[in-house]
Structure formats: C-alpha cells, structure tokens
Amino acid sequence: YTQLKSDTLSKIPFAQMKNLETLSLIDVNLQMNFSSSSTFLKTNQLLYYLDLSGNKLAYLVNDSTVQGFFKQNNAKLAWLQLVNTSLTDKDLDAYFNLSGFTSLNYLNLSQNRIVTVRRNHFDTILYLNKIDLSSNRIEWIEAGSFEHCKQLFHLYLSNNLLEYLNISVFGGENKWAMLDKLAIENNLLKLLDVLAYMPSMNFLS
C-alpha cells in the first residue's frame with residue numbers, strides 16, 4: 001500500500017513499487033509524474049485500487065501517455081477514484097475513456113464537471129456495484145446509460161442539475177431490480193417515476 005497526498009514530487013520512484021496492490025496519488029502534481037506513473041500502471045499486474053483524486057487530469061488531454069493508460073485494458077483494477085479532477089463528459093468521450101476498466105466494482109467521478117452522462121461511458125464495465133456521480137453539473141442522463149451495469153447496487157447522483165430521472169436510463173422497467181441505494185438529493189427534480197420499479201430499494205435520499 002502506498003499513499004502520496006498533497007505532494008509536489010518531481011519524480012515518484014515507481015520502479016521500486018512493482019508489487020503494489022493499492023495506490024493513492026492524491027493531489028500530487030500528476031502533470032509532472034504521469035509519464036513515469038503510466039509506465040508503472042501498464043506493467044503492474046496486482047493493482048486493484050487506484051486513487052488519482054485532486055489531480056487536474058483535464059490538463060493532460062494532449063499527453064499521449066495519459067491517453068495510452070486510459071485506452072489500455074485495465075482488467076485487474078476493481079476500485080477507481082477520480083474525484084475533483086476537472087473531468088468533463090467530453091473528456092470521458094475523447095481522452096479518458098473507461099472502456100478498458102472492465103472489472104471495476106467501484107467508480108467515483110464526483111466533484112467534476114460532467115454535464116451529460118452518455119450511454120457509452122459505462123457500457124463495458126459490467127461488474128460495477130457503486131457509481132458516484134455526485135457534485136457534478138449533470139443535466140441529462142442518456143437512455144440506456146446504466147443498461148449494462150447489471151450488478152449496480154448503489155448510485156449517487158446528489159448535488160447536480162437533474163430535472164428528470166426516468167427508467168429509460170437503465171434500459172427498461174426490469175433493469176432497476178438490483179438497485180439498493182439511490183442518492184439524488186439537491187437536484188432540480190420535477191419528475192421521479194422510477195420508485196415503482198425498485199423492489200430492492202432500502203435507501204433513498
């Protein structure tokens with residue numbers, strides 16, 4: 001386990017961290033460190049937890065090593081936190097595509113600049129249990145956005161700009177059955193027509 005937080009290291013010694021399973025690089029001036037870190041992340045076969053929160057990933061959109069990491073197959077990673085990284089939905093479409101993270105159980109994209117959740121953002125991440133999209137600027141969730149997340153138990157959408165939440169975002173009436181927790185407070189909701197399709201719901205806020 002390694003955690004670096006609020007540091008401004010010019011170089012992180014990844015060569016000595018080959019067997020890491022848990023890595024937190026929180027607010028570490030990742031702009032200076034991503035070339036070395038992406039090489040480590042590509043070769044590490046044990047890493048299952050990664051936290052890059054607080055790093056302004058949106059400033060790295062033209063860095064080929066960043067794009068390479070997000071486009072590769074990261075099948076081992078189960079937990080990914082990208083909190084407060086200035087990401088937008090356009091960044092997720094073009095540069096920080098999550099399609100390679102096929103084994104993720106937990107994904108935290110809170111406190112970013114996402115306006116629209118698109119169908120293609122999560123369609124290859126089949127084993128997600130929890131998605132945190134709270135404290136973004138989300139106005140719209142495309143129909144079918146969570147259709148392939150068949151094991152999704154917890155969905156956090158609080159503190160956004162949503163006016164509607166329709167069953168279509170799960171691809172149909174029977175796709176809500178597994179959802180246990182929905183946090184949707186502090187939005188602009190005018191219509192919430194999904195509760196009748198949530199037989200497993202234990203928590204709603």
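Q: In this predicted model, what share of the contacts with a separation of 6 or more comes from residues 24 or more positions apart?

A: A contact pairs heavy atoms within 4.5 Å. Here, 64% of the contacts with a separation of 6 or more are between residues 24 or more positions apart.

Q: Okay, and how many helices and strands are there in the protein?

A: You'd find three helices and 13 strands.

Q: Where do I find asparagine 136?

A: Look in the loop between strand 7 (130-132) and strand 8 (140-141).

Q: Is asparagine 136 buried or exposed?

A: Buried means under 20% relative accessible area. Asparagine 136 has 7%, so it counts as buried. Across the protein, 50% of the 205 residues are in the buried class.

Q: Which residues does asparagine 136 touch, leaving aside its neighbours within four places in sequence?

A: With those neighbours set aside, asparagine 136 is in contact with Leu109, Ser110, Gln111, Asn112, Arg113, Ile114, Asn159 and Asn160. Its side chain also reaches the backbone oxygen of leucine 133, at 3.0 Å.

Q: Now tryptophan 140: where does it lie, and how exposed is it?

A: Tryptophan 140 lies in strand 8. Tryptophan 140 has a relative accessible area of 47%, so it is partly exposed.

Q: Which residues form a nonpolar patch on the surface?

A: That patch is made by Trp140, Tyr164 and Leu191, and together they have about 320 Å² of accessible area. As for the whole protein, the accessible surface is about 9600 Å², and carbon and sulfur atoms hold 50% of that.

Key. Residues numbered from 1 in each chain as written. Predicted model: local features only at pLDDT ≥ 70, side-chain atom pairs only at ≥ 80, totals over all residues. Heavy atoms only, no water. Helix = DSSP H or I, 4+ residues; strand = E, 2+ residues; numbered from the N terminus. Buried < 20%, exposed > 50% of the residue type's maximum accessible area, 1.4 Å probe, protein only. Polar contact = N/O pair within 3.5 Å; in protein donor to acceptor, adjacent residues only side chain to side chain. Patch = residues over 30% accessible without salt bridge, like charges linked within 9 Å, V, L, I, M, F, W, Y side chains within 5 Å. Areas by Shrake-Rupley, 256 points an atom, 1.4 Å probe, with all protein chains shown as cover. Salt bridge = Lys/Arg side-chain N within 4 Å of Asp/Glu carboxyl O.
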